[in-house]
Amino acid sequence: MDVILFLIFAVIAVVCAINVVVQIHPISSALSLVGVMGSLAILYLLLGAEFLAAAQVIVYAGAIMVLFVFVIMLVNAGAESSKGRSFMVQLLGAPLLIALLGLLAYFVQRMLPAGGTGATVGTTVHFGGFTGGGARDIGSALFTTYLLTFEVTSVLILIAILGAIVLARKELE
């Protein structure tokens, strides 16, 4: 049952991710991104990472998406205008996409262990012995190994917020 749910929500995540790129209106893309993040949270739950699932919903699907929608509305981005495709894109698009998918399939197949994708024990699926989804594991990794990355990301988000405020002030004046 877990494998079936995993496949269903993986497909939902991929479809929503494709929808993020295909949509012409930015708000629709942002809502599709919420679908991706919600599906990822359920995938984390199925993998046994409850803390990651809760953080995905609270931080990303909640706070970050509110920030995205706020910036989209602040900038007043309208629907994207459709332009004609070039001849080279029409000619090389499909063959290059097939080559990319084949290359990705090759690398994924090479990286999988010889025994298959995962071993099932009872009703829980163990993919590669993943055990890092608890609050203690994430906290110690976040504040030791990934401290610089975490701080740089927070400064980057702060700069983005300040940029949105500056853009909004210029429109008012």
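Mentor: Begin with the axes. An axis is a line fitted to C-alpha atoms, for helices over the stretch in contact, and angles run from 0 to 180 degrees between N-to-C directions. Helices (H or I, at least four residues) and strands (E, at least two) are DSSP runs, numbered from the N terminus. Now the case: α2 and α3 pack at an angle of about 175°, with axes 8 Å apart.

Trainee: What kind of model is this, and how are residues numbered?

Mentor: This is a predicted model: local features need pLDDT of at least 70, side-chain atom pairs count only at pLDDT 80 or more, and totals for chains, interfaces and linings use all residues. Residues are numbered from 1 along each chain as its sequence is written, and side-chain values use heavy atoms, with hydrogens and water left out.

Trainee: Which residues of α2 and α3 meet?

Mentor: Contact means heavy atoms within 4.5 Å. On the α2 side, the residues include Leu33, Met37, Leu40 and Tyr44. Their partners in α3 include Tyr60, Met65, Phe68 and Ile72. For classes, Ala, Val, Leu, Ile, Met, Phe, Trp, Tyr, Cys and Pro count as nonpolar, Asp, Glu, Lys and Arg as charged, and the others, Gly among them, as polar. The contact of α2 with α3 divides into 20 nonpolar, 1 polar and 1 charged.

Trainee: How does α1 pack on α2?

Mentor: Helix α1 spans residues 2-22 and helix α2 spans residues 26-46. They pack at about 160°, with their axes 8 Å apart. α1 and α2 are therefore roughly antiparallel to each other. Handedness comes next: a crossing is left-handed if the near helix is turned anticlockwise from the far one by less than a right angle, and right-handed if clockwise. The crossing of α1 and α2 is left-handed. Among the α1 residues in this contact are Phe6, Phe9 and Cys16. α2 contributes Ser29, Ser32 and Ser39, among others. The residues divide into 14 nonpolar, 5 polar and 1 charged.

Trainee: Is Ser32 buried or exposed?

Mentor: Buried means under 20% relative accessible area, exposed over 50%, partly exposed in between (1.4 Å probe, protein chains only). Ser32 lies in helix α2. Ser32 is buried, with a relative accessible area of 8%. Leaving aside neighbours within four places in sequence, Ser32 contacts Cys16, Asn19, Val20 and Gln23. Ser29 also lies in α2 and is buried at 12%.

Trainee: Where does Val57 sit?

Mentor: Val57 is in helix α3, residues 50-75. Val57 is partly exposed, at 43% relative accessible area. Beyond neighbours within four places, Val57 contacts Ala41 and Gly62. Val57 and Ser39 are 18 residues apart in sequence and 9.7 Å apart in space, C-alpha to C-alpha.

Trainee: How many helices and strands does the whole protein have?

Mentor: The protein has 6 helices and 2 strands. The pattern along the sequence is α-α-α-α-β-β-α-α. Buried residues make up 13% of the 173 residues. Of the contacts with a separation of 6 or more, 65% join residues 24 or more positions apart.

Notes:
Parallel < 35°, antiparallel > 145°, perpendicular 65-115°, else oblique.
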